[in-house]
Amino acid sequence: MYDVNNLIASTSGWEVVNAVAINDNGQIVGTGWLNGVRFVNHALRLDPANVSVTILTNLLSDPTLALTTGQVSSLTDKLNNVLASLQQGLNKQATNQLNGLVNSVQASMKNGNMSGQAGATLIAAANAIVAVL
């Protein structure tokens, strides 16, 4: 038996109470408590870091982000490198690569090449992955 709470960042506030299912992608569905509120169960889905990277890569094509083809290509390359690091068990390297992606997004926002909303979305997703590594 394995405690899936070991897969969650200790700072997240979540505690899985009941893991119900796991799919071929390693996504776990169940219920849990947030910030110690034990009287209210919340439905949750846990995505392993590699699945989260794939989801973030797919998000780059979302037209609401209004990213250029060059931005999508550059960020996809960075995320492919993160995924390769994760597959080799190099979590520290993957963390550094995600931080590099965040720095790149911040520079694009500062230069006016990316909207604040798009940048904030990408940064939040990257930081969520870093939090579980």
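Buried means under 20% relative accessible area, exposed over 50%, and partly exposed in between, with a 1.4 Å probe and protein chains only. The model is predicted: local features need pLDDT of at least 70, side-chain atom pairs count only at pLDDT 80 or more, and totals for chains, interfaces and linings use all residues. Residues are numbered from 1 along each chain as its sequence is written, and side-chain values use heavy atoms, with hydrogens and water left out.

**View 1. The loop between α1 and α2, at A66**. Is A66 buried or exposed? A66 is exposed, with a relative accessible area of 60%. Its phi is positive, about 55°, although A66 is not a glycine. Most residues other than glycine have a negative phi.

View 2. Helices (H or I, at least four residues) and strands (E, at least two) are DSSP runs, numbered from the N terminus. From the N terminus on, the order is β-β-β-α-α-α-α. The C-alpha trace spans about 45 × 30 × 25 Å along its principal axes. Of the 133 residues, 33% count as buried. Contact means heavy atoms within 4.5 Å. Of the contacts with a separation of 6 or more, 38% come from residues 24 or more positions apart.

**View 3. The open sheet, in the order β1-β2-β3**. Two strands pair if DSSP finds at least two bridges between them. Three strands make up the sheet, and the pairing is antiparallel. β1 (14-22) and β3 (42-46) stand at the edges, each with a single partner strand, so one side of each has no neighbour in the sheet. The twist averages 35° from one strand to the next; here axes are lines fitted to C-alpha atoms, for helices over the stretch in contact, and angles run from 0 to 180 degrees between N-to-C directions. Strands of a sheet pair through backbone hydrogen bonds, either parallel or antiparallel.

**View 4. The hairpin of β1 and β2**. Seven bridges join β1 and β2 in the antiparallel sense. W14 has L34 in β2 as its bridge partner. Five residues lie between the two strands, and G26 in the turn has a positive phi of about 85°. E15 belongs to strand β1 and is partly exposed, at 31% relative accessibility. Leaving aside neighbours within four places in sequence, E15 is in contact with N5, T31, G32, W33 and R38. E15 and V37 are 22 residues apart in sequence, and their C-alpha atoms are 9.7 Å apart.

**View 5. The pairing of β2 and β3**. β2 (residues 28-34) pairs with β3 over five bridges, in the antiparallel sense. G30 stands opposite L44 in β3. H42 also lies in strand β3. H42 is partly exposed, with a relative accessible area of 31%. Which residues does H42 touch, not counting those up to four places away in sequence? They are W14, G30, T31, G32 and L34. The C-alpha atoms of H42 and G30 are 8.4 Å apart, with 12 residues of separation along the chain.

**View 6. The largest nonpolar core, with 23 residues**. A nonpolar core is a set of buried Ala, Val, Leu, Ile, Met, Phe, Trp, Tyr and Cys residues joined through side-chain atoms within 4.5 Å. L67, L75 and L122 touch the most other members. Two or more residues each come from α1 (49-59), α2 (69-87), α3 (91-110) and α4 (116-132). α2 gives the most, with six residues. Not counting residues up to four places away in sequence, L122 touches L56, L59, L60, L65, L67, L75, V105 and M114. A second, separate core has six residues, including V4, I8, I28 and L44.

**View 7. The largest pocket, with about 700 Å³ of space**. On a 1 Å grid over the protein atoms alone, a pocket is an open set of points where a 1.4 Å probe fits, with protein on both sides within 12 Å along at least five of seven lines; lining residues have an atom within 4 Å of a point. The volume is the space filled by probe spheres set on the points. Of the 27 lining residues, L7, D47, P48, S52 and V132 lie nearest the centre. β3, α1 and α4 give two or more residues to the lining. The largest share, six residues, comes from α1. S52 has its place in α1 and is buried, with a relative accessible area of 17%. S52 touches D47 and I129, not counting residues up to four places away in sequence.
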